[in-house]
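Q: I have a structure open and want to go through it piece by piece. Can we start with where the chains meet?

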Amino acid sequence: MATLAVSTRDGLVAPWVEWEKRCTDGRRLLEAGTYALTEGAIAARCRVFAGYPITPATDIAEYMSKRLPQVGGYYVQSEDELAGMHACAGASLGGLKAMTATSGPGYTLMHDAYGWSITNEIPMVVVDAMRVGPISGITGAPGQGEFYIARYASHGGNFETIVLSPSSVQEAFWLTIDAFNLAERFRTPVTILTDQVISDMWEDLFIPADYDALDFVIPRKHNLMMPFYPVGSADLDVPPNLIGRGTGVCVSAYTHTEEGYDIEDMAAQWAQTYRLINKIRHHTDQLARYETLGLEDAEVVAVAYGANARTVKTGVLEARRRGVKAGFVRPITLWPFLDELYERDCRYVVCELNYDGQLVREVMRAAPDKKKVHFMGKSAELHTVAEVAAGLEGVARSNRVPELPYIWTEVR
Amino acid sequence: MNKLAAKYLRPSQIPTKACHGCGIGMIENWLLQAIDELGFKQENVIFGTGIGCVGRQTFATWGGDNFGATHGRALAVATGLKLAQPDKKYLIVVGDGDAASIGTSHLIHAARRNLGVTVICEDNMGYESTGGQFSPTTPANYVTNSSPYGMAEPGFDPCDVVKAAGATFVAETTATQWHQTVKIVKKALQNDGFSFVHVRFPCNENFGAYALGTRDTLKNLEWIYEHTQGRKPDGSETDFTWETGIKHDVSNSRPEFSKIMRDMNARVRADMAAKAAAAAGDDKTRDDGHGTH
């Protein structure tokens, strides 16, 4: 496992901090998160979108159907999400960058394709705009219920996944480019776990003028020779395999050899597992994207991601105004989980949009003392600034979250 | 290894793990004959398959590029792959589970789109790699390990399904009809659109053993042959008849899916260029709106 040196300076750690400085020529728009996700994909040279419309990700499909033909790409409205993600896998195997977008009910159908794409190291980007669940839930209300499902996106174990979550329309744009880059470098599907608020919200958005000039976009390369699957290796930047060039590459659902032949052999199974897990675990330092605030002196740290992190961050600032030494951690990389962000021995208040408690369990595991990790779960709507400030104040002063309506604090 | 196998298949991957007397290898040899007679180059044919007897026994035997999708999803993968690699020939060799059950929605929509692939549905009339359960193509009343009192559900004919959905070439044949099958597959591969070839073949270990009461390959082949003729050797009628041959052939009569997409793109981009030229001539200060940068 790579170790990560966490910056205690306030601010953002992400590649787009640098990108933003370099891109000065462009246009400022008032646009939706779905628009930013679409344009980020086009900028990253995504040329295939295959998916099934679902609220609140539908607008991504609509924008893609308009934009892709303009840049020589293809929009496929698939018969279901199983077909959508598999068609993306096919397109990616054929040499085109691909993306699909969905929400919880469709995401559930994608696990079949996730397993196939993860095992065969097929780069692509999957957007899940989470809404409150279970099942259809409320289509127009945000949720954060797929934190664990996005990690365990297929049955069978023996793999790691990369999951990123933006918390503004602008960040959705840059993060989508980053997701495509990581998909290429790590040869794996990268999931953008966003939510109904970020998807539907309209906000200030800067779009660079010339996508072709973005030198930080990693172009698609092709692996045209053996080994097609570097089993037992944790190497990054292995170019993806290409079907259609007569290299003899084999892609299947089975445990594979370096050639891609199906094999029932323990050594091959182990070597494949080593590759799928460690190409990510050994490079977590290259996957760390996060935002922190007030970690220098914080006695209580609020943890939140996605849309929810916006009101939580303001709640932290409000608590500080009231004299509470409050800090803020916003993981952007949700998986692999950045344990190092929670190394500080202090109290934590984890705010997430579900009542069962998902992110909080990982913070409990990573923090020095899980008894100091508190939960503020809310469902279908964001935490208010007042709730967060009250929670932080309560934990700082009496080591407990005060009773608040619609807030759950029990994890077990 | 015969000459065709030596020319097109991977020596390390054959013989496959197929059971004694399985028809899959024989049918694959006929597919090779069709490819050979058409003169297709190995690197220009992409071989796709799924899960089950047919997927497991054919995956990675083809000397060119191969993919073995999750169960039923070969056509979903092929839909994306065809957009990226439109000039290749696609041989999608799947079983009755892949085509007629778990992946039927993809089959229907691939036919509707006229996706340029040739689907060979090798049908052993049940799920034999899991030990012999019925599938939607198991004949009525036949005993399998999940229909111990006889297949009670009505089945369906996948040829009817894909024809109704818009397939441009549809044919049915069996493992007892060598020359007919080769001719059909050659025609199927020459259709720049969705071709579907349904090939019934015997399974000795399960369907033969439980439904027909014999593991004898010749007897099982004979049972299939009788049902293509509608008559048993003693002259009596069989319980049902399979009509084999070409069921529907409107090859190359409507545009192939990836071509529709490419043509649309060309139209969109020509319109954009025309508008940009007109705007440049009309009013050099006008912004053409978002979404076109």
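Q: How many residues of chain B are in contact with chain A?
A: This is a predicted model. In it, 39 residues of chain B are in contact with 42 residues of chain A.

Q: Which elements of chain B supply that side?
A: At least two residues each come from β2 (66–68), α4 (74–84), α6 (104–113) and α11 (257–282) of chain B. The largest share is that of α4(B), with eight residues.

Q: And what is the split into nonpolar, polar and charged?
A: The side of chain B that touches chain A has 16 nonpolar, 18 polar and five charged residues.

Q: What does β2(B) pair with in chain A?
A: Strand β11 (residues 250–251) of chain A is joined to β2(B) by two bridges, and the strands run parallel. B:Phe67 in β2(B) is the bridge partner of A:Val251.

Q: Next, B:Ile46. Where is that, and is it buried or exposed?
A: B:Ile46 belongs to strand β1 (residues 45–49) of chain B. The residue counts as buried because 25 other C-beta atoms lie within 10 Å, and the cut-off for buried is 20 or more.

Q: What is B:Ile46 in contact with?
A: Apart from neighbours within four places in sequence, its contacts in chain B are B:Gly64, B:Asp65, B:Lys88 and B:Tyr90. From chain A, A:Ile243 and A:Gly244 are in contact with B:Ile46 as well.

Q: What separates the C-alpha atoms of B:Ile46 and B:Ala78?
A: A distance of 9.5 Å, with the two residues 32 apart along the chain.

Q: Stepping back, what is in chain B as a whole?
A: Chain B has 11 helices and seven strands. Its C-alpha trace spans about 85 × 40 × 30 Å along the principal axes. Of its 293 residues, 50% are buried. Among contacts in chain B with a separation of 6 or more, 69% are between residues 24 or more positions apart.

Q: At what angle do α9(B) and α10(B) pack?
A: Helix α9 (residues 204–212) and helix α10 (residues 217–229) of chain B pack at about 70°, and their axes are 11 Å apart. That angle makes α9(B) roughly perpendicular to α10(B). The crossing is left-handed.

Q: Which residues make the contact?
A: On α9(B) they are B:Asn204, B:Gly208 and B:Leu212, and on α10(B) they are B:Thr217, B:Asn220 and B:Trp223. By class, two are nonpolar, four are polar and none is charged.

Q: Over to chain A. What order do the six strands of the open sheet take?
A: The order is β1-β12-β14-β13-β16-β17 in chain A, with mixed pairing. At the edges are β1 (11–13) and β17 (373–377) of chain A; each has a single partner strand, so one side of each lacks a neighbour in the sheet. On average, neighbouring strands of this sheet are turned by 20° against each other, direction ignored.

Q: In which sense do β16(A) and β17(A) pair?
A: Strand β16 (residues 347–352) of chain A pairs with β17(A) in the parallel sense, over five bridges. A:Val349 is opposite A:His374 in β17(A).

Q: Which helix packs on the sheet there?
A: Helix α12 (residues 359–366) of chain A does, touching β13 (300–303), β16 and β17 of chain A. The direction of α12 makes about 160° with that of β16(A). Helix α13 (residues 385–398) of chain A lies across β13, β14 (326–331), β16 and β17 of chain A, and runs at about 155° to β16(A).

Note on methods: Residues are numbered from 1 along each chain as its sequence is written. Chains are lettered from A and ligands numbered from 1 in the order in which they are written. This is a predicted model: local features need pLDDT of at least 70, side-chain atom pairs count only at pLDDT 80 or more; totals for chains, interfaces and linings use all residues. Axes are lines fitted to C-alpha atoms, for helices over the stretch in contact, and angles run from 0 to 180 degrees between N-to-C directions. Helices (H or I, at least four residues) and strands (E, at least two) are DSSP runs, numbered from the N terminus. Angles under 35 degrees count as roughly parallel, over 145 as roughly antiparallel, 65 to 115 as roughly perpendicular and the rest as oblique. A crossing is left-handed if the near helix is turned anticlockwise from the far one by less than a right angle, and right-handed if clockwise. Two residues are in contact if their C-beta atoms, placed from the backbone, lie within 7 Å. Ala, Val, Leu, Ile, Met, Phe, Trp, Tyr, Cys and Pro count as nonpolar, Asp, Glu, Lys and Arg as charged, and the others, Gly among them, as polar. Two strands pair if DSSP finds at least two bridges between them. A residue is buried if 20 or more other C-beta atoms lie within 10 Å of its own, exposed if 12 or fewer, and partly exposed in between; C-beta atoms are placed from the backbone.
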